[in-house]
Amino acid sequence: MNLTVADVAAWVIVVALNAYVLFGGADFGGGVWDLLASGPRRQQQRELVSHAIGPIWEANHVWLIVVVVMLFVCFPPAFAAFGTILHIPLSLMLIGIVLRGSAFVFRSYSCGPRSEQQRWGQIFAVSSLITPVVLGMCVGSVVSGNVGTALAALAAGTPTSFSAVYVRPWLGPFEIAVGAMTVALLSFLAATYLTIEAEGDPNLQNDFRNRALGAAIVAMALAIVALVLGAGRGGVMTRLIQPGRTTLVLAGSGVAAVGSAAALLQRRFRLARVAAAGWVTLVLWGWILAQFPLIIPPNLTIEAAAAPNRTLEETLAVLVGGGVVLIPSLWYLLRVFKRQESST
Amino acid sequence: MPDLLAARSQMAVSLGFHIIFAVVGIGLPVLMVIAEWRWIRTGEAVYLELAKRWSKGAAILFAVGAVSGTVLSFELGLLWPNFMRFAGPIIGMPFSLEGFAFFTEAIFLGLYLYAWDKVGRRAHLFAGIVVALSGVLSGIFVVIANAWMNTPAGFRLVDGAPVDVRPFAAMANAAAFSQTLHMTLAAYAATGLTVAGIHALSILRGNPSPFNRLALGVALALGAPAAMLQPLSGDVSARMVAKNQPLKLAALESHFETRRGAPLHVGGWPDMDARETRWAIRIPRGLSLLAFHDPNAEVKGLEAFPEDEWPPVAIVHIAFQIMVALGTCMALVSVWALWRWWRGRSIDAVAGHRYLLRALVLVAPMGFLAIEAGWTVTEVGRQPWIVYGVLRTVDAVTPMPGLVVPFLVFTLLYVLLGVIVVYLLHQQIVRAPSR
């Protein structure tokens with residue numbers, strides 16, 4: 001394979017997106033479990049979520065900034081296209097991000113009456129649910145080729161309605177299915193992580209084990225719905241399910257999905273965590289491989305959207321330099337806050 | 001409301017909101033680190049209490065700053081896709097570097113806030129120092145990107161498209177040094193003097209506790225020197241603008257006619273029909289002296305430029321007058337406070353002087369007002385360009401209609417958040433310690 005600098009930059013973005021999904025995505029999933037907290041231990045469930053994400057959610061959130069910045073530096077036409085066609089869902093996602101983050105700290109630092117803290121909790125939980133759904137819908141609209149098609153119509157100046165360009169591309173059944181699958185997967189991921197956070201309290205651990213299993217089933221069902229809705233459309237989804245470079249990834253994600261459920265059933269929570277992260281990662285890479293070398297299907301390629309080589313090379317150099325500072329720092333952060341549970 | 005105006009207004013509201021949190025995110029970590037360092041050195045529990053109190057403020061403000069900064073990074077594409085298509089490869093570098101600084105800040109703030117009992121004292125103080133350093137670096141990188149919009153560099157234009165792009169040369173643009181210096185000092189001055197004013201108010205209200213007096217001292221130690229240096233940095237900025245953006249200088253001084261030995265207009269209102277400045281105090285040769293350090297230097301007036309390239313003169317001129325007036329007040333009160341402190345050899349010489357305390361309360365909000373006014377000068381003064389002399393704002397805006405809706409939605413969101421943050425900070429910082 002002939003690897004260009006633009007390809008490398010694109011892979012780096014995917015890796016950052018992968019990190020955002022595994023870390024930041026799970027924080028949103030945690031918020032979903034705050035929303036769905038129930039049973040006699042609902043208070044403990046909420047406290048566990050809050051305790052687990054408190055020190056790290058802001059660092060996790062920065063992966064999204066890395067993705068956005070890399071995208072607009074290295075692939076400016078793609079960033080401009082997303083900003084234009086997906087203006088409405090991206091704005092909704094931003095409102096969700098703002099409300100989720102602020103409500104979380106407001107709840108943590110509020111000294112007011114209990115009802116006030118509960119209200120922040122509700123806002124935190126609801127925005128944790130909505131944000132990943134909308135993000136998933138945006139991904140779905142890129143996969144389905146709707147963003148690319150709307151963009152072409154806009155550029156050609158063909159007379160078309162507001163909704164054809166700015167609403168329908170992301171508000172179809174397939175996009176909604178992808179959005180729902182995204183939130184189910186992230187909730188599954190969060191619940192699996194939380195079984196480990198809950199070590200030492202078997203009842204609480206059991207709560208999250210059951211939640212993880214439930215979410216896994218829902219996520220699998222929604223993945224099948226999305227595949228069925230997408231399969232007939234040609235393009236990326238068809239390439240995803242046809243025999244080819246994605247076959248191994250698709251098979252791997254199936255194995256990881258079943259494996260994580262089996263590990264949860266047997267209460268092998270550390271194994272379940274690895275398998276869960278593997279499942280989510282392989283779903284992401286399946287999409288990317290099916291779409292490669294396109295950045296916006298059906299026509300815009302990574303190569304065509306790339307910034308000048310000098311920009312790409314210098315950005316990648318800075319990324320390596322920054323990584324030398326960041327990766328040890330991140331490792332230190334996680335070691336300080338996730339240490340005790342590993343020793344129990 | 002026309003779409004372009006709505007987009008500009010949404011960007012203005014987002015920046016005007018975010019900058020307050022960004023500024024506190026730069027200044028407050030310095031205060032908490034000084035307090036913690038004093039605690040380690042002196043063992044006085046009050047300093048520890050201060051460090052913890054300020055770190056809670058930093059936590060709330062950093063979170064809101066982080067999410068509102070995320071909104072901005074997306075809004076560049078949501079509102080100005082054509083600007084990003086043009087400028088992304090050229091000014092992406094400072095944004096990438098800012099990403100790293102911000103990441104580092106988030107990691108070490110997490111450690112600072114939640115690891116008081118988990119790491120040693122020195123490691124904890126180190127985390128605070130990293131937060132303070134990466135905070136100021138974040139600010140510097142973002143301002144460098146803005147400076148590029150004022151004095152673009154690092155590329156050549158061929159048929160309206162940038163070629164021969166050199167990202168690091170773009171960062172080393174003409175306005176980068178003066179703008180980052182001015183903004184960094186502004187952040188320290190605004191945060192320091194606001195915190196000083198809050199504690200001055202507590203003392204005036206009859207609570208001269210060690211908590212309030214030491215807090216006043218730490219805050220003044222940061223804010224007052226910065227406020228005193230700011231006029232010098234303003235001079236550096238003014239000369240940069242005079243050299244590189246003569247039209248902007250003419251607008252902010254409301255200076256219509258090109259002439260040698262140009263007077264300085266203090267206050268006044270630009271009469272656009274008569275093309276003269278009414279009701280201003282005129283200081284003869286003042287503008288030539290300030291802009292070029294030569295009382296006889298020629299200063300280009302607005303009339304030397306095509307009128308369709310003029311920024312809104314009245315807004316720029318008035319905002320500039322406000323910024324300078326507020327900055328002057330802050331510098332004078334700072335000189336007074338530091339002089340009292342130095343003469344009395346103790347912060348009690350400041351804390352016991354009721355007139356000085358009142359003056360400190362009075363200047364407390366001025367730093368933030370001056371920052372908003374200063375950004376109005378920079379941003380409105382750049383119009384009608386989004387990239388000065390290269391790309392017009394009207395050509396950069398998104399084709400999406402109905403932009404008034406997102407403008408109103410985000411404005412409402414920010415107003416609500418602002419009210420809540422003020423309420424929470426009041427709970428966290430202003431209340432004197434109960435124990």
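## Interface between chains A and B

In this predicted model, 53 residues of chain A are in contact with 56 residues of chain B, where contact is defined as C-beta atoms, placed from the backbone, within 7 Å. On the chain A side, two or more residues each come from α3 (57-74), α4 (76-85), α5 (87-109), α8 (162-166) and α15 (309-337). Of these elements, α15(A) gives the largest share, 13 residues. Helices (H or I, at least four residues) and strands (E, at least two) are DSSP runs, numbered from the N terminus.

The side of chain A that touches chain B divides into 37 nonpolar, 13 polar and three charged residues. In this classification Ala, Val, Leu, Ile, Met, Phe, Trp, Tyr, Cys and Pro count as nonpolar, Asp, Glu, Lys and Arg as charged, and the others, Gly among them, as polar.

Local features need pLDDT of at least 70, side-chain atom pairs count only at pLDDT 80 or more, and totals for chains, interfaces and linings use all residues. Residues are numbered from 1 along each chain as its sequence is written, and chains are lettered from A and ligands numbered from 1 in the order in which they are written.

## Helix pair across the interface

α3(A) packs on helix α2 (residues 45-79) of chain B at an angle of about 20 degrees, with the axes 11 Å apart. Axes are lines fitted to C-alpha atoms, for helices over the stretch in contact, and angles run from 0 to 180 degrees between N-to-C directions. The angle therefore makes α3(A) roughly parallel to α2(B); the classes are roughly parallel under 35 degrees, roughly antiparallel over 145, roughly perpendicular from 65 to 115, and oblique for the rest. The crossing of α3(A) and α2(B) is left-handed, that is, the near helix is turned anticlockwise from the far one by less than a right angle.

From α3(A), the residues that meet α2(B) include Glu58(A), His61(A), Leu64(A) and Phe72(A). Their partners in α2(B) include Ala63(B), Thr70(B), Phe74(B) and Gly77(B). By class, this contact has nine nonpolar, four polar and one charged residues.

## Helix pair within chain B

Helix α7 (residues 210-244) and helix α10 (residues 313-344) of chain B pack at about 135 degrees, with axes 8 Å apart. The two helices are therefore oblique to each other, and their crossing is left-handed.

Among the residues making the contact are Leu220(B), Met228(B) and Pro231(B) of α7(B), and Met330(B), Leu338(B) and Trp341(B) of α10(B). The contact of α7(B) with α10(B) has 11 nonpolar, four polar and no charged residues.

## Nonpolar core

The largest nonpolar core has 283 residues, of which Val67(A), Met70(A) and Leu31(B) touch the most other members. Such a core is a set of buried Ala, Val, Leu, Ile, Met, Phe, Trp, Tyr and Cys residues joined through C-beta atoms within 7 Å. Helix α3 (residues 81-114) of chain B gives the largest share, 20 residues. Leaving out residues up to four places away in sequence, Val67(A) touches Ile13(A), Ala16(A), Leu17(A) and Tyr20(A).

## Backbone exceptions

A cis peptide bond, with omega about 0 degrees, joins Phe292(A) and Pro293(A). Pro293(A) is in the loop between α13 (269-291) and β1 (294-296) of chain A. The bond from Pro297(A) to Pro298(A) is also cis, with omega near 10 degrees.

Asp164(B), not a glycine, has a positive phi of about 55 degrees. Asp164(B) counts as exposed because it has 12 C-beta neighbours inside 10 Å. Ser254(B) likewise has a positive phi of about 55 degrees, but with 26 such neighbours Ser254(B) counts as buried. The cut-offs are 20 or more other C-beta atoms within 10 Å for buried, 12 or fewer for exposed, and partly exposed in between, with C-beta atoms placed from the backbone.

Definitions and conventions. Two residues are in contact if their C-beta atoms, placed from the backbone, lie within 7 Å.
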